[in-house]
Amino acid sequence: MLRRAVLVATLLGCTSPHRAADPAQTAMALAPPSPVRIELPASAEGWRGALETDARELETLLDQVLERWPREGTGELRLVVLPSPAAAVAWAERAGLAGDARVPRTHPRARLAVVPMVREDRLMTQRVVPPRTLRETIRHEMAHLLMLDRPGLAEAPRWFHEGLAEAWVGLREISAVDGRSHALGACWESALQDRAQARPAGAVQEVIAAMPIELQYTAWASLVLQCLAVDPGQRPWEAAVAHPSLASFLADRSAAALRAGAEAAPGSPGFLSRLPRPLGRDVDFVAGGRSVLLAAADGETVGLEARAWYGAEALRMRARVGRTGEPLAEILLGPPGAEQVARVRLNGFGGLVAAWESREAPPRRAHVGRLDAGDLDRWRDLDIRLLRREEWGHPDDLGESTHALLLQRSGGSFRALMPLPPGVEPRPDAPWLLEFRVRHGVFEVVGESPLIAALR
Ligand SMILES: [Zn+2]
């Protein structure tokens, strides 16, 4: 995402996009050309239609919102998606590109953006669109490219460029942070609220600079949108001084969110609990949706705090892991913030394992098993329900507990009864949190009913 990059003299080792003469391609040829030339790994060619449409929509949008900085000059803009961080590093080295190629980056003078996928796995590439966070990343870099031909923006500071690139990654303004316009909405909102409580009089620029880097982009976007709204001039980034404190910044954006149709203001009670929170990249989900896809690079963990569970309805879902990497996939269920959670792992011990374990540090033994090769890519169904003691035929199985979790697969190939510690059953006033995580691989879950929180 770094924009200050060194000029690239020549680009070597470029790959030609695979082109097939099928009807879909012919139909696409009738659409206006994409303002950005997109190069994809052959396995991900199916994403082309969606990404070229995104590029066209983004260009139209930016023509409206950046009208005050007229476009001058043209020339080819190019965006290259590479199948892994390692592939991106090798490609950038051959092309003589500066900077860490493991992170997405636009090279302005080369009019080129390079975006690595976390891994090349069929569970991702067989879809017609990239996972949501990857698609938002690609749109962010496309926006950088499309802004290159507006010389009036040349003097804007880096935070303003990043905020502009981020502000329309959902193809709508992100100011009404609601988990629909931007995947990371809840995360940045939460960081902002924490800091607002600690230092309400702090300068907004300093507060944002202290946030984790991935949240800073959303924060800059929100600040940029405020600057654009209050200053119609050529240098609205100087309007940042109009927001001396975090408290006034928050008040303005709450009002803006409500005007834009959000049903609850950022910062109001309960606002955050209604938003799903992704951790890391890449994650695919929509608020109120039934499916989750998590894709983690080797050595990384990706997760989603999906929704509250009140225990009244059974959680029915099917899950599968991808063929690449050494996937360690988990479903976590327990009181938010509790030390112990019910952890269901998809690994080599016959498919599923479940136990009460530490939320943050599962025992090492949990990770010794590899998946059976036959279980890779295959859906496994799972049914989780809360039982009262009297609903179970053998009450002694529950010890002293009044409730238990019952986990089972259809056909009886897996069944686990997990008595609850006293007093921790999910209740309407104290719901549990449903979380999904994967390490070193790809994990996909589809529920019979919504798995993800909806803002309603
Ligand atoms: Zn950027």
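I am working with a predicted model, where local features need pLDDT of at least 70, side-chain atom pairs count only at pLDDT 80 or more, and totals for chains, interfaces and linings use all residues. Residues are numbered from 1 along each chain as its sequence is written.

**Helix α9.** I took helices (H or I, at least four residues) and strands (E, at least two) as DSSP runs, numbered from the N terminus. I looked up α9, residues 213–230: its 18 residues reach 26 Å from first C-alpha to last, close to the expected 26 Å. The expected span is 1.5 Å times one less than the number of residues. I then checked burial (buried: 20 or more other C-beta atoms, placed from the backbone, within 10 Å of a residue's own; exposed: 12 or fewer; partly exposed: in between). The buried residues of α9 include Trp220, Val224 and Leu228.

**Core.** I searched for nonpolar cores (buried Ala, Val, Leu, Ile, Met, Phe, Trp, Tyr and Cys joined through C-beta atoms within 7 Å). The largest has 106 residues, and Val224 is among those with the most contacts inside it. Helix α9 gives the most to this core, nine residues. Beyond four places in sequence, Val224 is in contact (C-beta atoms, placed from the backbone, within 7 Å) with Phe160, Gly163, Leu164 and Ala167.

**Strand β9.** I counted strands as paired at two or more DSSP bridges. Five bridges join β9 to antiparallel β13 (380–388), where Met317 stands opposite Leu382. Five bridges also join β9 to β17 (442–447), again antiparallel, and there Arg320 has Glu444 as its bridge partner.

Technical notes: Two residues are in contact if their C-beta atoms, placed from the backbone, lie within 7 Å.
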